[in-house]
Amino acid sequence: MPNKDDTSMGNILIVEDDAEVRSMLNDYLTFLGYKTDVAADGLEGLNKIKENRYDLVITDIAMPYVSGIGIISILKRDHPEIPVIAITGYGYHAEELAQEKNADFIMGKPFDVQKLKETVERLLKKD
Amino acid sequence: MKIYDPYFIQQKEQTGQKKTEPQKTQRGESFLDILKATATKKSDGIKGATPVGPTFPQNLGLTDLQKSAISKGQETLGLLNHLAGLFTKNDSSKSALDSIANALSHNIDELKELKEGLDSNDPLRNTLDEIEIISMVEKIKITRGDYT
């Protein structure tokens with residue numbers, strides 16, 4: 001069982017407008033021992049990125065105000081060291097856009113939580 | 001120039017006229033034809049949108065490509081605005097939605113093409129990205145039946 005008080009594993013921001021998916025991601029990553037923060041839309045996500053320090057950002061693509069594509073663009077410009085996982089239920093075109101913006105990993109919905117776990121571990125692995 | 005008549009289908013349905021070719025205008029052109037034809041001319045945008053082409057201030061220093069990209073972006077936002085209007089008016093018939101999906105699909109391709117010609121650091125790219133992603137999502141929602 002992971003130690004929930006151990007935040008040294010990494011601080012992850014989850015940006016997702018679907019409350020159920022957001023809650024599921026938050027619960028799962030917290031269970032795995034990560035410190036998490038959540039934002040319900042792209043604008044809230046960008047504000048949190050400006051105010052806090054995260055080790056990883058997981059963002060949905062299609063969201064109100066600012067899309068995940070906007071978040072990835074800004075993150076890769078201002079904080080290229082922070083890895084980003086893009087999640088989308090809108091298929092190839094959305095995945096292609098995320099790839100163009102250099103998202104570190106792209107997952108289609110519904111996603112495999114085991115794959116998510118492995119990807120998060122890989123992206124947070126310190127050299 | 002009016003390139004897309006958002007009220008045509010609505011008027012037709014309200015007056016109870018028989019719909020034979022729901023995606024054709026009174027002149028027998030499809031919306032895609034109209035979009036294609038206008039793509040080669042200077043556009044004033046779609047009905048309800050602020051015309052951009054001829055009204056750009058001269059001192060902005062925009063290239064022709066940037067102007068085209070802005071016009072296309074504005075035209076696409078007009079389509080999305082029209083889509084929202086259909087729901088407000090409770091007029092989201094399948095034919096009306098399909099017309100918009102076709103037009104959005106065409107515009108997404110054009111936006112993509114125009115974006116490729118812009119400088120990689122041109123801030124206009126981010127705006128076009130946002131328009132492209134919203135359009136793509138709405139097109140998928142229409143085609144997979146989320147609205148019907």
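H4(A) and H5(B) are roughly antiparallel to each other, because their axes cross at roughly 165° and anything over 145 counts as such. That pair is a handy place to start on this predicted model. H4(A) passes H5(B) in a left-handed crossing.

Who actually meets whom here? On the H4(A) side you'll find A:Gly91, A:His93, A:Ala94 and A:Leu97, and they meet B:Asp129, B:Glu132, B:Ile133, B:Met136 and B:Ile140 in H5(B). By class, the residues of this contact split into 5 nonpolar, 2 polar and 2 charged.

**The two chains**

Chain A has 5 helices and 5 strands, and from the N terminus on they run β-α-β-α-β-α-β-α-β-α. Chain B has 5 helices too, but 0 strands, so to speak a plain α-α-α-α-α run from the N terminus on. In chain A, 38% of the 127 residues count as buried; in chain B, buried residues make up 29% of 148. As for contacts between residues at least 6 apart in sequence, 58% of those in chain A join residues 24 or more positions apart, and in chain B 74% join residues at least 24 apart.

**Where chain A touches chain B**

The contact takes 11 residues from chain A and 8 residues from chain B. On the chain A side, the elements that give two or more residues are helix H3 (68-78) and H4. H4(A) gives the most to that side, with 4 residues. Sorted by class, the side of chain A that touches chain B has 6 nonpolar and 5 polar residues, and no charged ones.

**Helix pairs around H5(B)**

| H3(A) and H5(B) | 9 Å | about 155° | 2 nonpolar, 3 polar, 2 charged |

Take H3(A) with H5(B): the angle of about 155° makes H3(A) roughly antiparallel to H5(B). A:Ile69, A:Gly70 and A:Ser73 of H3(A) make this contact with B:Asn126, B:Asp129, B:Glu130 and B:Ile133 of H5(B). B:Asp129 and B:Ile133 also belong to the H5(B) residues that meet H4(A).

H4(B) passes H5(B) in a left-handed crossing. The residues of H4(B) in this contact include B:Leu97, B:Ile100, B:Ala101, B:Leu104, B:Ile108 and B:Leu111, and those of H5(B) include B:Leu128, B:Ile131, B:Glu132, B:Met136 and B:Ile142. B:Glu132 and B:Met136 are also among the residues that meet H4(A).

**The buried side of H3(A)**

Which residues of H3(A) are buried? They are A:Gly68, A:Ile69, A:Gly70, A:Ile71, A:Ile72, A:Ser73 and A:Leu75. These buried residues pack against E1, helix H2 (42-51), E3, E4 and H4 of chain A, together with H5 of chain B. A:Ile69, A:Gly70 and A:Ser73 are the ones already named in the contact with H5(B).

In soluble globular proteins, nonpolar side chains tend to be buried together. In this model the largest nonpolar core has 35 residues, and A:Val57, A:Ala86 and A:Ala98 touch the most other members. The elements giving two or more residues to this core are strand E1 (11-15), helix H1 (19-31), strand E3 (56-60), H3, strand E4 (84-88) and H4 of chain A, together with H5 of chain B.

What does A:Ala98 contact, leaving aside its neighbours within four places in sequence? The list is A:Ile61, A:Gly68, A:Ile69, A:Ile72, A:Ala86, A:Thr88, A:Ala103 and A:Ile106. Of these, A:Gly68, A:Ile69 and A:Ile72 are buried residues of H3(A).

Conventions
Residues are numbered from 1 along each chain as its sequence is written. Chains are lettered from A and ligands numbered from 1 in the order in which they are written. This is a predicted model: local features need pLDDT of at least 70, side-chain atom pairs count only at pLDDT 80 or more; totals for chains, interfaces and linings use all residues. Axes are lines fitted to C-alpha atoms, for helices over the stretch in contact, and angles run from 0 to 180 degrees between N-to-C directions. Angles under 35 degrees count as roughly parallel, over 145 as roughly antiparallel, 65 to 115 as roughly perpendicular and the rest as oblique. A crossing is left-handed if the near helix is turned anticlockwise from the far one by less than a right angle, and right-handed if clockwise. Two residues are in contact if their C-beta atoms, placed from the backbone, lie within 7 Å. Ala, Val, Leu, Ile, Met, Phe, Trp, Tyr, Cys and Pro count as nonpolar, Asp, Glu, Lys and Arg as charged, and the others, Gly among them, as polar. A residue is buried if 20 or more other C-beta atoms lie within 10 Å of its own, exposed if 12 or fewer, and partly exposed in between; C-beta atoms are placed from the backbone. A nonpolar core is a set of buried Ala, Val, Leu, Ile, Met, Phe, Trp, Tyr and Cys residues joined through C-beta atoms within 7 Å.
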